[in-house]
Amino acid sequence: MRRSTPFLVVVAAAAAVLAAAACASPDASAGDAMADRPSGALPVETLTVAFAPAVPAAITRKTPAKVVINLETREIRKRLADGVEYTFWTFGGSVPGPMLRVRVGDEVEFHLNNHPSSQMPHNIDLHAVTGPGGGAAASFTAPGHSSTFSFAALNPGLYVYHCATAPVGMHIANGMYGLILVEPKEGLTPVDREFYLVQSEFYTAGRHGAPGIQPFDMEKALHEDPEYVVFNGSVGAVVGDNALKAKVGETVRMFVGNGGPNLISSFHVIGEIFDKVYTEGGSLANQRDVQTTLVPAGGSAIVDMKLEVPGTFILVDHSIFRAFNKGALGMLAVEGSENAAIYSGKQDDQVYLPEGGAIQAMPVEAGAAPERELPRNELLARGQQVYAANCAACHQLEGQGVPGAFPPLASSDYLMADKDRAIGVVVRGLSGAVTVNGQPYNGVMPSLQLTNGDVAAVLSYVRTNFGNRATDLVTLRDVQRVRAAPPAAH
Ligand code: HEC
Ligand SMILES: [Cu+2]
């Protein structure tokens with residue numbers, strides 16, 4: 001059997017690791033962590049894990065324990081983005097794997113179980129382990145097998161764990177990472193809410209948004225050029241109904257990890273300031289009043305912030321195209337009463353057109369690949385993406401608009417009354433007084449520089465969604481015709 005040779009090597013290596021651990025004399029920090037271990041056997045407990053964005057409860061015991069952790073590796077097909085699936089290799093069936101929480105000085109007995117349906121062997125390298133490979137060799141596990149190894153949690157801090165089976169990059173790129181928190185003896189300062197967030201990238205063969213099951217692309221991974229950068233394993237995992245939720249007056253803590261495999265995260269919460277940062281996930285809150293903190297690949301950070309005002313706070317990797325174009329965007333939804341002394345909200349809005357300048361459409365770039373009419377389902381799927389990327393910011397996710405500022409596209413009489421006029425709006429922009437569903441608007445919609453195909457797709461989508469009931473679609477030909485015609489007065 002082909003596996004037998006590496007297996008023997010692995011078993012021998014594991015034995016060597018255990019032997020070394022048995023006779024090594026503890027260094028100063030190990031001595032520290034081990035100092036309050038009682039002489040007799042440690043009390044045994046089985047760890048309860050938590051799946052993102054949940055965090056396991058803080059540890060209340062004041063003395064070390066023997067903590068038994070069971071973790072299963074499993075290969076499963078799941079959603080990566082709307083209409084996009086991926087075969088994830090996982091710890092615990094989820095990306096990221098569950099968050100683990102132990103206390104410094106604990107003895108951890110780790111059982112890694114590889115589900116019989118797996119195609120690959122897997123293992124685990126926990127950065128919280130002191131020992132060669134972080135447990136990797138000792139935990140190498142074939143499908144349908146289970147491995148056990150033990151380690152002492154010597155150093156407090158927030159650590160990444162990941163699979164380290166060759167090809168390592170591929171196991172990580174497919175979703176095998178998570179966080180383990182080793183609490184300091186005195187615990188962390190209490191906060192009102194804790195959240196678990198892991199950023200990572202996916203390298204799919206198809207471009208961002210290309211539908212269907214997407215295989216891993218080694219070439220893109222080598223060039224560190226991902227199609228997706230996400231929080232908690234998929235596009236939209238932490239937005240809308242899945243947003244993190246908190247209340248004004250509370251202090252929240254985020255345990256932020258970066259599975260990579262390649263990119264460094266510039267973690268930022270739009271509209272909040274981190275009151276405290278435990279840089280790089282160390283056990284010391286060593287910085288205050290931070291806007292953006294770096295989370296290295298294979299590293300972490302802990303950020304604490306008090307929430308003073310309500311609203312939706314957007315979590316991003318501030319390498320900003322990753323956030324708005326590749327998926328690295330989450331939300332913290334904060335409820336409570338406004339505090340105008342801290343933040344007023346919009347106090348006034350007026351149209352600003354310097355020197356009477358008109359809004360001008362720029363010509364669409366020449367030389368782009370010729371576009372073709374798409375079948376209905378592809379057209380509508382593309383339209384949904386174009387909408388999310390280009391229109392939702394103003395007209396809102398469900399097309400409901402913002403009273404007094406952005407007219408609704410949902411059940412809009414203006415949109416539906418005249419197809420060519422609607423195409424003209426998207427192609428050339430719109431300004432001046434308009435009435436939509438009886439309400440006056442006098443704002444400015446810029447020309448969005450979309451291709452004819454994108455205009456056809458987005459208008460086909462909005463005219464058949466959000467309560468609009470068009471029976472016909474908007475075709476490329478329609479858009480070409482309107483673009484060629486002189487702008488009509490509305
Ligand atoms: C930067 C904000 C902004 C973006 C982005 C934007 N719009 Fe608008 N849109 C407006 C404003 C403001 C008006 C009203 C303009 C006026 O008062 O003259 C408007 C009006 C419209 C109207 C006509 C009024 C109605 O409600 O039916 C349509 C149709 C429309 N937009 C479609 C779109 C589509 C489709 C997209 C995305 C491709 C889009 N808009 C992107 C701000 C925006
Ligand atoms: Cu693996």
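Me: In this predicted model, the axes of H6 and H10 approach within 7 Å and cross at roughly 95°. Why are H6 and H10 called roughly perpendicular to each other?

Reply: Angles of 65 to 115 degrees count as roughly perpendicular. The crossing of H6 and H10 is at roughly 95°, and the two helices are therefore roughly perpendicular to each other. On the H6 side, the contact is made by Leu379, Leu380, Arg382, Gly383, Gln384, Val386, Tyr387 and Asn390. H10 contributes Asp454, Ala456, Ala457, Val458, Ser460, Tyr461 and Val462. These residues divide into nine nonpolar, four polar and two charged.

Me: What makes H10 largely enclosed by the rest of the structure?

Reply: A residue is buried if 20 or more other C-beta atoms lie within 10 Å of its own. In H10, 12 of the 12 residues are buried, so the helix is largely enclosed by the rest of the structure. The buried residues are Asn452, Gly453, Asp454, Val455, Ala456, Ala457, Val458, Leu459, Ser460, Tyr461, Val462 and Arg463. What covers them includes helix H6 (376–390), H8, H9 and H11. Of the 490 residues of the protein, 40% count as buried.

Me: How do you know that the reach of H10 is close to the one expected?

Reply: The expected span is 1.5 Å times one less than the number of residues. H10 has 12 residues and reaches 16 Å from its first C-alpha to its last, close to the 16 Å expected.

Me: Which residues of H9 are buried, and what covers the buried residues of H9?

Reply: Helix H9 (residues 419–428) has Ala422, Ile423, Gly424, Val425, Val426 and Val427 as buried residues. Their cover includes helix H8 (413–417), strand S22 (430–431), strand S25 (444–445), helix H10 (452–463) and helix H11 (476–484). Gly429 follows H9, and its phi is positive, near 85°.

Me: Why are H9 and H11 described as roughly perpendicular to each other?

Reply: H9 and H11 pack at an angle of about 70°, with their axes 9 Å apart. The range that counts as roughly perpendicular is 65 to 115 degrees, and H9 and H11 are therefore placed in that class. In this contact, Lys419, Asp420, Ile423, Gly424 and Val427 in H9 meet Asp478, Val479, Val482 and Arg483 in H11. The residues involved divide into four nonpolar, one polar and four charged.

Me: Into how many nonpolar, polar and charged residues does the shell around ligand 1 divide?

Reply: The shell divides into 22 nonpolar, seven polar and no charged residues. In total, 29 residues surround ligand 1, and the closest are Cys391, Cys394, Pro407, Gly443 and Met445. At least two residues of the shell come from each of helix H7 (392–395), H8, H9, S22, strand S23 (434–436), S25 and H10.

Me: Why is Ala137 called buried?

Reply: The cut-off for a buried residue is 20 or more other C-beta atoms within 10 Å. Ala137 has 23 other C-beta atoms within 10 Å and is therefore buried. Its place is in the loop between strand S6 (125–126) and strand S7 (146–152). Ala137 and Asn123 are 14 residues apart in sequence, while their C-alpha atoms are 7.4 Å apart in space.

Me: Why does Glu280 count as partly exposed, whereas Asp289 counts as exposed?

Reply: A residue is exposed with 12 or fewer C-beta neighbours, buried with 20 or more, and partly exposed in between. Glu280 has 16 such neighbours inside 10 Å, so it counts as partly exposed. Asp289 has 9 inside 10 Å and therefore counts as exposed. Glu280 is found in the loop between strand S16 (274–278) and strand S17 (287–290), and Asp289 is in strand S17.

Me: What makes the phi of Glu280 and that of Asp289 worth noting?

Reply: Most residues other than glycine have a negative phi. Glu280, although not a glycine, has a positive phi of about 55°. In Asp289, phi is likewise positive, near 60°.

Me: Which peptide bonds are cis, with omega near -10° or about 15°?

Reply: Most peptide bonds are trans. The bond from Ala166 to Pro167 is cis, with omega near -10°, and Pro167 lies in the loop between strand S8 (157–162) and helix H3 (168–173). Gly260 and Pro261 are also joined by a cis peptide bond, with omega about 15°. Pro261 lies in the loop between strand S14 (251–260) and strand S15 (265–270).

Note on methods
Residues are numbered from 1 along each chain as its sequence is written. Chains are lettered from A and ligands numbered from 1 in the order in which they are written. This is a predicted model: local features need pLDDT of at least 70, side-chain atom pairs count only at pLDDT 80 or more; totals for chains, interfaces and linings use all residues. Helices (H or I, at least four residues) and strands (E, at least two) are DSSP runs, numbered from the N terminus. Two residues are in contact if their C-beta atoms, placed from the backbone, lie within 7 Å. A residue is near a molecule or strand if its C-beta atom, placed from the backbone, lies within 6 Å of it. Ala, Val, Leu, Ile, Met, Phe, Trp, Tyr, Cys and Pro count as nonpolar, Asp, Glu, Lys and Arg as charged, and the others, Gly among them, as polar. Axes are lines fitted to C-alpha atoms, for helices over the stretch in contact, and angles run from 0 to 180 degrees between N-to-C directions. Angles under 35 degrees count as roughly parallel, over 145 as roughly antiparallel, 65 to 115 as roughly perpendicular and the rest as oblique.
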